[in-house]
Amino acid sequence: MARALELARRGQFTTKPNPMVGCVIVRDQEIIAEGWHERAGAAHAEINALEAAGDAARGAEAFVTLEPCSHTGRTGPCAEALINAGIGRVIAAMEDPNPKVAGTGLARLRDAGIDVTVGVGAETAAKLNAGFVKRMAHGTPRLRVKLAASMDGRTAASDGSSQWITCAEARADVHRLRAASCAVITGIGTVTADNPRLNARLAEAVVQPLRVVIDGKAQLNPNAALFSVEGSVLVVTASQKDDDGYGFDARTELISLVGSDNRVDLAALMDHLGQRCCNEVLLEAGAGVAGAFVSAGLIDELVVYLAPDLLGSGGRGMFVLRGIGSLSNRICFEISDVQQLGRDLRVTLQPNPGAE
C-alpha cells in the first residue's frame with residue numbers, strides 16, 4: 001500500500017478535479033504491475049495496472065488507495081474491470097467519499113466473490129486527498145493560505161517592497177503548491193501592487209489552476225500580468241459591472257457575490273469553487289484578504305515561509321485581524337510540520353480553536 005500511495009502522488013499536479021489514486025498488483029508477495037491515475041478523463045489507476053499485468057492479474061491481489069469506482073463517468077467502472085480480470089483479492093485504503101460510489105464499488109466486488117479488505121493506510125490516503133474528501137463531505141474545497149514573511153512577521157518593508165523576502169528554494173516550493181491546487185485566490189490589492197501571474201511554473205506537467213481575483217469594486221486592469229499567460233481567470237466582485245464593462249477576453253469569467261456588508265461574500269465564494277469541483281484552493285493575498293478569510297473561519301491550513309531577516313515595526317504585517325484585544329481573543333493554530341528550504345523555514349499549521 002505504501003507503494004500504491006507513492007504512485008498516487010505522481011498525479012498531484014494533473015488529476016484535478018479527480019482524486020489521486022495508485023494501484024499495485026501483487027502475486028506471491030511480488031509486485032507484478034503498477035498504475036496511477038494520471039489525468040482527469042484518462043484511465044484510472046486500476047485500469048492502468050491491469051493493462052500492465054495482463055493475464056497475470058487472474059488470482060492476484062490488487063492494492064488500491066481508494067475504493068474502485070462502480071459508476072460510469074468519463075471512464076468505465078473499475079470494480080467491473082477488476083472482476084473481469086479475475087482479481088482474487090482487493091485491499092483498499094479507504095472507502096470513496098463520493099456519494100456516487102460510497103461503498104457500492106466494494107459491495108460489487110464482494111458480490112462477485114472477491115475478498116475485500118478496507119482500511120490499510122487509511123489515514124495517509126485520506127490526507128493525500130484531503131481536499132477531495134472535504135468537498136465530497138461538505139461541498140467546499142480545502143483552503144490553504146500561503147504567506148511569505150520575515151522572522152518578525154513582515155510581508156513587506158515600510159516602503160512596500162516585498163520581492164523577494166524569501167529565497168529561491170522557498171519560491172520554487174510555492175510553485176508546487178500552486179500546481180497542486182485547483183484554484184489560486186488573490187485580491188485586487190496584490191494584483192495592483194505586485195502584478196503576479198499566479199500560474200505554476202514547473203518543469204513537470206501541470207494542469208494550471210484557475211486564478212481567482214477578489215475585486216470588490218471592479219477595478220482590475222485587463223492588461224494585468226494574469227492575462228499574459230495561459231489559463232482561466234475568475235473575477236469576483238461586489239459590483240454589478242458586467243463583462244463588457246471590463247473588456248476581458250473569453251477565458252475570463254466575472255461573477256458578483258455580494259455579502260451583507262456589501263463586500264465580496266467569501267463563504268459564497270468557497271461554495272462556488274466547490275460547485276466548480278475545486279478540491280484544493282490556495283490563497284495568496286495581502287493582510288486584509290488573508291485576515292478576512294481567517295476571521296470568517298474558512299481556512300484549513302496555513303503555510304508560512306519565514307526568512308531569517310528582520311524588517312522592523314514599519315513593515316507590513318501578515319494579517320489584518322480586528323477585535324483581538326487580549327490573549328483570550330487570539331486565534332489558535334497547531335504546528336504540524338517545519339522544514340528548512342534553503343535559508344528559510346516553511347511552517348505548516350492547522351487551526352486549533354480548542355487550544356489553551
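Guide: For the second largest pocket, at least two lining residues each come from α5, α6 (130–138), β6 (142–150), α7 (168–179), β12 (301–307), β13 (333–341) and β14 (344–351). Helices (H or I, at least four residues) and strands (E, at least two) are DSSP runs, numbered from the N terminus. This is a predicted model, where local features need pLDDT of at least 70 and side-chain atom pairs pLDDT 80 or more, while totals for chains, interfaces and linings use all residues. Residues are numbered from 1 along each chain as its sequence is written, and side-chain values use heavy atoms, without hydrogens or water.

Visitor: Which element gives the largest share of that lining?

Guide: α6, with 4 residues.

Visitor: And which residues are closest to the centre of the second largest pocket?

Guide: Of its 35 lining residues, those are Lys127, Leu128, Arg142, Arg144 and Glu301. A pocket here is an open set of points on a 1 Å grid over the protein atoms alone, where a 1.4 Å probe fits, with protein on both sides within 12 Å along at least five of seven lines; lining residues have an atom within 4 Å of a point.

Visitor: Switching topic: which residues touch the most others in the largest nonpolar core?

Guide: Ile25, Leu50, Ile87, Val90 and Leu109, out of 39 residues. That core is a set of buried Ala, Val, Leu, Ile, Met, Phe, Trp, Tyr and Cys residues joined through side-chain atoms within 4.5 Å. Buried means under 20% relative accessible area, exposed over 50%, partly exposed in between (1.4 Å probe, protein chains only). There's a second, separate core of 33 residues, with Leu234, Val264, Leu269 and Val304 among them.

Visitor: What does α2 pack against?

Guide: Its buried residues pack against β1, β2 (30–36), β3 and α3. Those buried residues are Ala45, Glu46, Asn48, Ala49, Leu50 and Ala53.

Visitor: Which residues other than glycine have a positive phi?

Guide: Glutamine 29 is one of them, near 65 degrees, and leucine 198 is another, also near 65 degrees. Most residues other than glycine have a negative phi.

Visitor: Is leucine 198 buried or exposed?

Guide: Buried, because its relative accessible area is 2%. Glutamine 29 counts as exposed because it's at 77%, and it sits in the loop between β1 and β2.

Visitor: Last one: which peptide bond is cis?

Guide: The one from lysine 16 to proline 17, with omega near 5 degrees. Proline 17 is in the loop between α1 and β1.

Methods: Contact means heavy atoms within 4.5 Å.
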